[in-house]
Amino acid sequence: MAESIRHIVASVLAGGRIDRSTALLLASEADRQKIWEGADRIRHHFNGARFSLCSIINTRSGGCSEDCRFCAQSARHRSNIEEYAIVDPDRALAVAAEMDRNGVHRLSLVTSGRSASSSLLDRLAEIYREMARTTLLKLCGSMGLLTRDKALRLREMGVIRYHCNLEASSRYFPRVCTTHTWEEKVETLKLAREAGLSLCSGGIIGMGETMADRIDLALELRELGVRSIPINILTPIPGTPLAGHKPLPVEEVLTTIALFRFINPEGIIRLAGGRQQLGAEQYRCFTAGANGAMVGNFLTTPGSSIEEDLRTFTAMGFSFA
Ligand code: SF4
């Protein structure tokens, strides 16, 4: 198989696109180091040493009507999280200032819930305005399902990228959430793009899905033209239906990242929530195709220290310009 991996890598470097059966073949390769190295070559060819840093602020926490099985913010689960209807703007702006000081490129305001209300958007507009005035951060948003009007409104507020994770492949998604559909998420991404926003969408791994499901998600994201792809590793949060799930072995995370890179060669494959569970091993993901990370705290779980992240990414040869 070593010879065929070399051919597949060469074909991707030459602009070829791999199909599902080739991705499944790669996933079955016993010498996984070869897959990781191939993905690293592809990352380097298309993205060089550039590394994308982003962060999020949970601006509305908990109390969500939806039933996403992984999520601590659903009102249907008994998780023990801090809940609030709107973040204290001063607290949000202090986080934004800290991220800006550390050279983070993008910052997203994130709200729990199926969709943000008009009054919530009004409040967020004030935070966005201050962030634009006081930092160099590029502004992103993640507010659940959009209508055309809400998408346009975000664009007017200065938001340039919209985040809506598909979470899982279209086939697996009904096992993750039953209160909204995968197709509604795709519709939101399309409305965001029509409003002039770039797209960020990925998923969560370790929810019980197979490698074939992950490959399908990577192919579906490619089909939608998504170039910023966050990969979250399930944090099994007490009180949620996925609380008892065993964490994925690091090798499986690395192979998943590598397959996302083979399928989406030019994109940003961004390691996001849950990475802290891997400890120092998480940094191996950046030798297997990943070239971006979410830094700072995640929605309901603490992250690693930014200083340590920046030191490590720099030592690995990445640059943040
Ligand atoms: S993922 Fe979003 S929509 Fe789903 S339960 Fe959590 S906050 Fe609600």
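Helix H8 (residues 211-224) supplies the largest share of the lining of the second largest cavity, namely 3 residues; helices here are DSSP runs of H or I with at least four residues, numbered from the N terminus. The model is a predicted one, in which local features need pLDDT of at least 70 and side-chain atom pairs pLDDT 80 or more, while totals for chains, interfaces and linings use all residues. Residues are numbered from 1 along each chain as its sequence is written, and side-chain values use heavy atoms, without hydrogens and water.

The lining of this second largest cavity consists of Glu 167, Ala 168, Ser 169, Ile 204, Glu 209, Asp 213, Arg 214 and Leu 217. A cavity is a set of points on a 1 Å grid over the protein atoms alone where a 1.4 Å probe fits but cannot get out, and lining residues have an atom within 4 Å of a point. By class, 3 of the lining residues are nonpolar, 1 is polar and 4 are charged. The space in this cavity is about 40 Å³, a volume being the space filled by probe spheres set on the points. The structure has 2 cavities of 30 Å³ or more.

Around the ligand stand Cys 64, Glu 66, Cys 68, Phe 70, Cys 71, Gln 73, Ser 74, Ser 112, Gly 113 and His 180, each with a heavy atom within 4 Å of it. This shell comprises 4 nonpolar, 5 polar and 1 charged residues; Cys counts as nonpolar and Gly as polar in this scheme.

Helix H2 (residues 20-27) packs against helix H9 (residues 250-263) at about 150 degrees, with the axes 11 Å apart. The two are therefore roughly antiparallel, a term for angles over 145 degrees on a scale from 0 to 180 degrees between N-to-C directions.

Definitions and conventions:
1 Å grid on protein atoms, 1.4 Å probe; cavity = no way out; pocket = protein on both sides within 12 Å on 5 of 7 lines; lining within 4 Å. Parallel < 35°, antiparallel > 145°, perpendicular 65-115°, else oblique.
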